[in-house]
Structures are given as structure tokens and as C-alpha cells.
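Biologist: I am new to reading models like this one. Please pick one part and take me through it closely, starting with the whole chain and then moving in.

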Amino acid sequence: MAGIKALVALSFSGAIGLTFLMLGCALEDYGVYWPLFVLIFHAISPIPHFIAKRTTYDSDATSSACRELAYFFTTGIVVSAFGFPVILARVAVIKWGACGLVLAGNAVIFLTIQGFFLVFGRGDDFSWEQW
């Protein structure tokens, strides 16, 4: 039952993050949809973690080069997702209010992704049938 509550909470927080992102694009004062390219960063941010999880066999080690490289690439992707709307606002493609909404949406969505990995990524023997 705890897994269902966590899944519902993560779904709700992801929906809130996407709502912030859409508000930053679709409100009448802003009306520019360039910030939607941030969705690409949201989609590719877990990929380095998945690759590192499949290639590292020794889970007892405190650190491995593959895992550290995955953290590096993930950090670059997340920083790029936060930097992209700031650059768009700086060159006056979008307004600063839209940039703030997109940054708030980024924070909520990336915290949701991290929460998903914390809740459902505990063990390798996890099965979806347990909740």
C-alpha cells in the first residue's frame, strides 16, 4: 500500500511541475513555446543512471568510475535544463516571468525524478507486483 501512495504522490508532483512548465509557455502574457524544449532534458536525465546501473556489477563498492561518470553527465543535463530558460530570457526570447515558471517546473520535475529513484530504486530484485 505504501508503494501506491508513493506512486500517487510522485504522479501528483510531476503533474504540478508540468503545469508550471505549461503556464510558463501558454499564459497570454508569455505565449512563446520555446521553453518546452526543456522536456528533452527531463526525458534524458535518467538515461546515464540506467546505463550505469546496468554496467556496474559490484553494488557493494562505495564508488565506481562508471557511476561517477553517470553522476557527472546527469549533473550536466540538470544544469543545462536550468540554464536553458535563463539564456532564453537573457536574449529576450521569453519573458522573465515565464523563465521563473519554467525554473519552478524544472525544480519540481527533477525532485520528482529523484523521488522516483529513491522510492523505487532501492533493490535490484524489485518487482512491480509488490505494491
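Modeller: Accessible areas come from the Shrake-Rupley method with a 1.4 Å probe, and for residues only the protein chains shown count as cover. By that method, the chain has an accessible surface of about 8,500 Å². Carbon and sulfur atoms hold 69% of that surface.

This is a predicted model, in which local features need pLDDT of at least 70 and side-chain atom pairs count only at pLDDT 80 or more, while totals for chains, interfaces and linings use all residues. Residues are numbered from 1 along each chain as its sequence is written, and side-chain values use heavy atoms, with hydrogens and water left out.

Start with confidence. pLDDT is the predictor's confidence in each residue, from 0 to 100. Its mean over the chain is 87. A value of 70 or more is reached by 85% of the residues. Among the elements, helix α2 (residues 38-44) has the highest mean, 96. The lowest mean, 87, belongs to α3. Residues 127-131 stay under 50. For that stretch the model has 7 contacts beyond four places in sequence. Where pLDDT is low, the predicted coordinates should not be read in detail.

Now the layout. The chain has 5 helices and 0 strands. Helices (H or I, at least four residues) and strands (E, at least two) are DSSP runs, numbered from the N terminus. Along the sequence the pattern reads α-α-α-α-α. There are 131 residues, and 27% of them count as buried. Buried means under 20% relative accessible area, exposed means over 50%, and partly exposed lies in between (1.4 Å probe, protein chains only). Take the contacts with a separation of 6 or more: 64% of them join residues 24 or more positions apart. A contact means heavy atoms within 4.5 Å.

The part I pick is helix α4 and its surroundings. This helix spans residues 65-90.

Begin with its packing against α3 (residues 47-55). The two axes are 8 Å apart, at an angle of about 175°. Axes are lines fitted to C-alpha atoms, for helices over the stretch in contact, and angles run from 0 to 180 degrees between N-to-C directions. The pair is therefore roughly antiparallel. The cut-offs are under 35 degrees for roughly parallel, over 145 for roughly antiparallel, 65 to 115 for roughly perpendicular, and oblique for the rest. On the α3 side, P48, H49, A52 and T55 make the contact. They meet C66, R67, A70, F73, T74 and I77 of α4. By class, the residues of this contact are 6 nonpolar, 3 polar and 1 charged. Here Ala, Val, Leu, Ile, Met, Phe, Trp, Tyr, Cys and Pro count as nonpolar, Asp, Glu, Lys and Arg as charged, and the others, Gly among them, as polar.

Look at H49, which lies in α3. H49 has a relative accessible area of 30%, so it is partly exposed. Setting aside neighbours within four places in sequence, H49 contacts A70, T74 and F117. H49 and R67 sit 18 residues apart in sequence, with their C-alpha atoms 7.5 Å apart.

Next comes α5 (residues 96-120). The axes of α4 and α5 come within 9 Å and cross at roughly 170°. That makes α4 roughly antiparallel to α5. From α4 the contact uses V78, A81, F82, P85, V86, A89 and R90. From α5 it uses W96, C99, V102, L103, N106, A107 and F110. This contact has 12 nonpolar, 1 polar and 1 charged residues.

G83 also lies in α4. At 25% relative accessibility, G83 counts as partly exposed. Its C-alpha is 9.8 Å from that of V38, 45 residues away in sequence.

A92 is exposed, with a relative accessible area of 63%. Its phi is near 65°, a positive value in a residue other than glycine. I94 is buried, with a relative accessible area of 6%. Beyond four places in sequence, I94 touches V32, P35, P85, L88, A89 and C99. I94 and V32 are 62 residues apart in sequence, and 6.6 Å separates their C-alpha atoms.
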